[in-house]
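Open the model in a viewer and keep the selection tool at hand. The stops below go from a group of rings to a helix.

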Amino acid sequence: MSEKTLTRMDLAEAVHAQVGLSRNDSASLVESVLQHISDALVAGESVKISSFGTFSVRDKSARVGRNPKTGIEVPINPRRVLTFRSSHLMKERVAHGDS
């Protein structure tokens with residue numbers, strides 16, 4: 001497996017190379033898209049990107065957990081969690097190593 005991590009700057013550089021926008025405009029575009037996605041998630045909306053996957057926010061209720069090391073019960077507070085479900089196409093691409 002690769003140890004490389006895709007960053008915002010990598011995305012901006014890809015936009016610059018493929019679309020031809022300036023580096024500053026490419027970085028602004030990437031930031032704008034990410035901001036729209038995060039704003040929608042904060043508002044509780046799902047974000048579906050065709051052929052990629054769906055990001056959604058789930059509310060988890062309070063529950064009692066257990067420390068696996070000691071066995072002591074610990075209350076877990078209610079919280080919102082971000083989930084991602086990849087599309088079937090993305091699952092197939094990753095499984096086959098398609099680029």
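Select F84 first: in this predicted model its relative accessible area is 41%, so F84 counts as partly exposed.

Now show both rings. F52 and F84 form a tilted aromatic pair, with 5.5 Å from centre to centre and 55 degrees between the planes. F52 sits in the loop between β1 and β2, while F84 belongs to strand β5, so the pair ties together parts 32 residues apart in sequence.

Move on to helix α2, residues 23–42. Its 20 residues reach 28 Å from the first C-alpha to the last, close to the 28 Å expected at 1.5 Å a residue.

Which residues of α2 are buried? Select S26, V30, A40 and L41. They lie on the same side of α2, because they cover an arc of only 115 degrees around the axis. Their packing partners are α1 (8–19), β1 (47–49), β2 (53–60) and β5 (79–86).

Turn to the other side of α2, where N24, H36 and V42 are exposed.

Finish at G44, which follows α2 and has a positive phi, near 90 degrees.

Conventions: Residues numbered from 1 in each chain as written. Predicted model: local features only at pLDDT ≥ 70, side-chain atom pairs only at ≥ 80, totals over all residues. Heavy atoms only, no water. Helix = DSSP H or I, 4+ residues; strand = E, 2+ residues; numbered from the N terminus. Expected span 1.5 Å × (residues − 1). Buried < 20%, exposed > 50% of the residue type's maximum accessible area, 1.4 Å probe, protein only. Arc of directions from axis to C-beta. Contact = heavy atoms within 4.5 Å. Phe/Tyr/Trp six-rings, centres within 6.5 Å; stacked < 30°, edge-to-face > 60°.
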